[in-house]
Amino acid sequence: MGKDVQGRRDFMGMALGGFTALGGLGALYAMKRSWDPLPSVKAAGFTTIDLSAAQENVLNIEKWRGKPIFVLKKTKDMKPDDRDIVIGSDRFHVSIGLCTHLGCIPAYLPDKRKFLCACHGGEFDTSGHQIFGPPPSPLEIPPFKIEGTKLVLGEAGPEFQKMLDAGLTV
Amino acid sequence: MAKFEKANSVNEWLDQRLAVETLKRVLSTEYWIPKDINFLWAMGMVLAATFGVLLISGIFLLMYYKPDANLAFDSVNYVIMSEVGYGWLWRHIHGVGASVVFLIIYIHMFTGIYYGSYKKGRELIWLSGMLLFVAFSAEAFSGYMLPWGQMSYWAGMVITNLFSGGSLEAYGLVEWIRGDYVPGDAFLTRFFMLHVLLIPLVIIGLIVLHFGSLRIPHVNNQEGAEIDFEEAAELYKAGKKKESKVIPFNPVFLSKDVFVMGVYFILFFYLVFYHFNFAMDPVNFDPADGLMTPAHIYPEWYFLWSYEILRPFPKDPGLIAFGIAQAALFFLPFIDRSPNVAPAHKRGLFFVWFWVLIVDMIVLTVLGKLPPEGIFNTLGTVAAVIFLLLGPALIVITKFEKKL
């Protein structure tokens with residue numbers, strides 16, 4: 001009898017433990033989902049910018065998904081790069097304006113023709129390649145699609161896909 | 001139902017139902033503290049009192065603060081500072097308290113290191129204390145987000161980016177932590193929750209554990225001497241207070257604590273009333289702007305040393321060094337191989353090690369505030385490397401330490 005009771009208690013214990021574990025896992029999943037970005041946040045992810053009015057060697061900063069977007073029309077003597085967006089005869093450097101080290105916004109120095117991040121001293125050239133300091137990779141290029149002289153950010157066009165496949169951005 | 005006699009006083013009535021007399025004896029009047037200590041032993045109660053002051057000032061700030069990306073800045077800088085009667089007082093107490101509490105935590109930690117108060121039998125005191133340090137750091141960081149100024153936003157940006165793990169590029173994790181692509185409303189409200197509820201609960205739990213872990217090994221003393229607490233307690237209770245090596249926590253030790261607290265709070269409120277600006281970064285009086293990074297981003301002074309370990313290296317090694325630096329102190333009871341429980345000045349090379357550690361952390365702290373240029377870069381690298389080498393050095397030094 002005593003053994004029997006023990007057996008029934010063990011069963012009750014295991015059943016309770018099993019259901020508790022199941023419920024616990026479910027609760028953890030719910031908690032994880034509650035921390036996810038909201039659908040409204042995810043949906044508001046497209047921005048269109050017009051490149052026709054850009055001036056050479058003047059940095060324009062646009063906003064996409066809350067992040068600053070660098071738009072720099074290159075001068076003729078700046079080195080062309082595979083990361084440039086070419087529209088007609090103009091070359092543009094477009095990138096997410098956050099240092100790839102820890103996400104500060106680098107400043108553009110038009111005279112020295114480079115970006116300088118004040119946080120940890122990282123530097124990038126006019127094609128977004130890191131040339132000094134801790135940044136491990138070039139400035140990232142946002143997904144874009146060319147529509148005439150306009151650029152839709154958030155949508156991956158064939159030009160962006162090509163850069164992505166070539167490993168020029170992440 | 002147990003049998004209850006008629007009580008003759010409120011105390012007796014409570015004692016019958018809650019055993020308050022026993023509790024009082026166990027927790028205070030017969031909790032024994034060694035006599036051979038100095039004012040540094042009061043830092044624990046100074047910390048407890050400061051936590052109390054932070055809690056009370058925080059409650060009043062909570063009455064008017066609005067956790068909303070559009071309203072937060074004004075609710076702090078206009079409503080609390082200009083409209084609420086004495087709102088400025090709570091804010092300055094809270095800001096100064098958050099800064100000063102770290103000064104005392106560091107003194108408390110280095111006292112423990114100097115006197116070997118983390119050794120055999122006292123490991124849990126050290127570990128629970130380190131967990132408290134981590135919890136206080138998280139509390140300070142989450143609180144720093146709430147005024148939603150430029151420094152709040154960019155500190156939030158930089159610190160959450162650490163979770164991308166360098167070349168692992170775990171941006172999904174970063175966006176999950178933020179609840180957005182960049183720090184925004186979801187970010188602010190969840191850090192508000194952490195700051196006012198979850199982390200304070202964890203801190204309170206850890207304080208209980210920290211106190212509890214002291215109970216059996218007892219507080220260390222200036223010589224690291226082993227004391228027969230039961231024998232010493234009997235002597236004290238028999239009236240031989242001079243001969244006994246211990247005093248009761250309450251009222252004897254506590255009266256000393258209260259004196260040190262008195263001195264401390266004079267300094268504390270001097271800062272609150274006349275020098276609160278050191279805890280109020282001027283850059284944070286600009287509202288958060290995701291399209292403009294401030295010229296220099298630096299954390300509050302108490303995080304500068306670890307920030308400086310992150311800075312001089314390339315991204316991945318920097319993150320690894322940073323991770324090691326955060327976790328290294330946890331292992332102190334296990335990498336100190338010497339059995340000696342003694343003050344550092346009796347432990348030969350350990351004494352040198354201790355002061356190199358202190359000086360190196362001060363150097364890192366100073367460099368963390370300076371711009372990352374020229375000679376400062378070199379010095380920063382040297383100081384960071386020295387910090388990382390101090391761990392292996394301790395193993396070697398303590399391995400060959402003479403037994404006292």
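A: Across the interface of domain 1 and domain 2 of chain B, twelve residue pairs are in polar contact, both residues at pLDDT 80 or more; a polar contact is a pair of N or O atoms within 3.5 Å, one able to donate a hydrogen and the other to accept it, and residues adjacent in sequence count only if both atoms are side-chain atoms. On the side of domain 1 of chain B, the elements giving two or more residues are α5 (87–114) and α6 (123–145) of chain B, and α5(B) has the largest share, nine residues. Helices here are DSSP runs (H or I) of at least four residues, numbered from the N terminus. By class, this side has 19 nonpolar, ten polar and four charged residues.

The model is predicted: local features need pLDDT of at least 70 and side-chain atom pairs pLDDT 80 or more, whereas totals for chains, interfaces and linings use all residues. Residues are numbered from 1 along each chain as written, chains are lettered from A in the order in which they are written, and side-chain values use heavy atoms, without hydrogens and water.

The rule also finds two salt bridges across this domain interface, a salt bridge being a side-chain nitrogen of Lys or Arg within 4 Å of a carboxyl oxygen of Asp or Glu. K346(B) forms a salt bridge with E223(B), with the closest N and O atoms 2.3 Å apart.

The two domains of chain B bury about 2900 Å² between them, 69% of it on carbon and sulfur atoms; buried area is the accessible area (1.4 Å probe) lost on putting two parts together, summed over both. In domain 1 of chain B, F110(B), Y114(B) and K119(B) lose the most area to domain 2 of chain B, together 24% of what that side buries.

Conventions: Ala, Val, Leu, Ile, Met, Phe, Trp, Tyr, Cys and Pro count as nonpolar, Asp, Glu, Lys and Arg as charged, and the others, Gly among them, as polar.
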